[in-house]
Amino acid sequence: MAGPQRWTRPELMELLDIRGGLSRQELYDRADAVRRERMGDAVPLRGIVEFSNICANDCLYCGIRATNANIPRYRLDDAVILDLARGMEGQGQTTIVLQSGEAPSRDGDAALGRLVSRLKAETRLAVTLSVGNRPREVYAHWRDCGMDRYLLRFETSDPALFARLHPDCTLSQRLRCLGDLLDLGVQTGGGFMTGLPGETLSTGADNILLCRDLDLDMIGLGPYIPHPDTPMGQSQNVHVLDPERHFVALAATRLVNPDAHIPATTAFDALFPGTGRNLALTRGANVFMPSATPVARRPEYQLYPGKPCLDETGEACARCVLGRLAALGRQVDQGPGHSRKPGRAVSGEGAVGRGN
Ligand code: SAM
């Protein structure tokens, strides 16, 4: 078999533009074949708990930005999170993803470390955190507490666009965080939004190449969706007239990053209600993230409007995903869902090397 194709930027731009060789369906079929060959048909389930919407940042697109006064702020108690984690184990989920706004504090970061330790001691779940930029020593501490993975999207590879969207952070700071995580041996996820206002075809290509160049273990991508309570509420997604382009970006990401875990993200369902995540699973994605956030808190964690499953309990979400997978002829992955890339150290019980 020929070695993996080393995609260039012009080739990728042509792929994203769907002008040259491949039709959309051919691209989707190719991405699905690569996904099947490299990641298999079994789908790792990673239950996500959006445990706090408290955020110090004011990202211009995000519904939980600090200055959005239209939502009450919450932080779940550890006891609630531990209960949710135990429930996940009974539902075939092997990872808990703890996500929140970005609210760094010495006490809060120490408390999160204690929670990670308890999750590792009291369940068999792999633990992923997604709480934003932190100094290297905080990531190292969480790793030492048992954190297996970390998700931190770089959002866009264009430094000027990044600067316009993020008053509190630069792209180089975000990339420094990703570099620290990778260097610390944490399985690391990055990624981007598709169709951000100001994005061009070359930004789209560079987003995908940046994922490859960082050698990410996981890549999260999904459509940018305008939120009315943000400064960008009136700015449309650049793919508004051709929303299939979000799937084109997903499929191209799989071709260029054959061994990365790529979730079918919720934003695809927001744009394509009821079908988006299923389609994503047949166009390059291999992971599903059912929501385990308590129903009462879900409306308060609306990063964008149209987020699905607002009134579904974690159990209902878990049942729904089994139905989705059955309809696609896919199974639930029984393993911990760790990185497929060789040589990455992993911590915690049940851990396997990246090559397994
Ligand atoms: N605070 C952490 C961070 O910044 O990494 C985790 C939470 S953050 C709200 C999770 C992700 O939501 C972001 O990385 C961003 O890509 C996505 N997001 C926020 N607002 C969005 C919007 N309007 N449309 C689509 N995705 C959005």
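Which residues is Ile96 in contact with, leaving aside its neighbours within four places in sequence? The model is predicted.

1. **Ile96.** Setting aside neighbours within four places in sequence, Ile96 is in contact with Gly47, Val49, Ala85, Met88, Leu119, Leu125 and Val127.

2. Six strands make up an open sheet, and the pairing is parallel. The order is E2-E3-E4-E5-E6-E7. Strand E2 (46-52) and strand E7 (218-223) are at the edges. Each of these two has a single partner strand, so one side of each is left without a neighbour in the sheet. From one strand to the next, the twist averages 20°.

3. **E2, E3 and E4.** Strand E3 (residues 95-100) pairs with E2 in the parallel sense, over six bridges. Ser52 has Ser100 in E3 as its bridge partner. E3 also pairs with E4 in the parallel sense, here over five bridges. Strand E4 covers residues 126-130, and four of its five residues are buried, so E4 is largely enclosed by the rest of the structure.

4. Strand E5 (residues 149-151) and E6 are paired in the parallel sense over three bridges. Tyr150 stands opposite Thr188 in E6. On to the next pair: E6 and E7 are parallel partners over six bridges. Met193 has Gly222 in E7 as its bridge partner.

5. **Burial of E6.** How many of the eight residues of strand E6 are buried? The count is eight of eight for this strand (residues 187-194), so E6 is largely enclosed by the rest of the structure.

6. **H1 against H9.** Helix H1 (residues 9-17) packs with H9 at an angle of about 145°, and their axes are 9 Å apart. The crossing is right-handed. H1 contributes Leu12, Leu15 and Leu16 to the contact. H9 contributes Val248, Ala249, Ala252 and Val256. By type, the residues of this contact are seven nonpolar, no polar and no charged.

7. **H1 against H8.** H1 also packs with helix H8 (residues 201-214), at an angle of about 115° with axes 9 Å apart. This crossing is right-handed too. From H1 come Arg9, Leu12, Met13, Leu16 and Asp17. They meet Leu201, Ser202, Gly204, Ala205, Asp206, Ile208 and Leu209 in H8. The contact of H1 with H8 divides into seven nonpolar, two polar and three charged residues. Leu12 and Leu16 take part here and also in the contact with H9.

8. **Glu155.** Glu155 has a positive phi of about 70°, although it is not a glycine. Its place is the loop between E5 and helix H6 (159-165). Is Glu155 buried or exposed? Glu155 counts as buried, because it has 24 C-beta neighbours inside 10 Å, and the cut-off for buried is 20 or more.

9. **Asp215.** Asp215 is not a glycine either, and its phi is positive at about 55°. Asp215 lies in the loop between H8 and E7. With 13 other C-beta atoms within 10 Å, Asp215 is partly exposed.

10. **Val238.** Val238 lies in the loop between E7 and H9. It is partly exposed, with 19 other C-beta atoms within 10 Å. Leaving aside neighbours within four places in sequence, Val238 is in contact with Gly195, Pro197 and Glu199. Val238 and Arg319 are 81 residues apart in sequence. In space, C-alpha to C-alpha, they are 34 Å apart.

Methods
Residues numbered from 1 in each chain as written. Predicted model: local features only at pLDDT ≥ 70, side-chain atom pairs only at ≥ 80, totals over all residues. Pairing = 2+ DSSP bridges. Axes fitted to C-alpha atoms, helices over the stretch in contact; angles between N-to-C directions. Contact = placed C-beta atoms within 7 Å. Left-handed = near helix turned anticlockwise from the far one by under 90°. Nonpolar A, V, L, I, M, F, W, Y, C, P; charged D, E, K, R; others polar. Buried ≥ 20, exposed ≤ 12 C-beta atoms within 10 Å, placed from the backbone.
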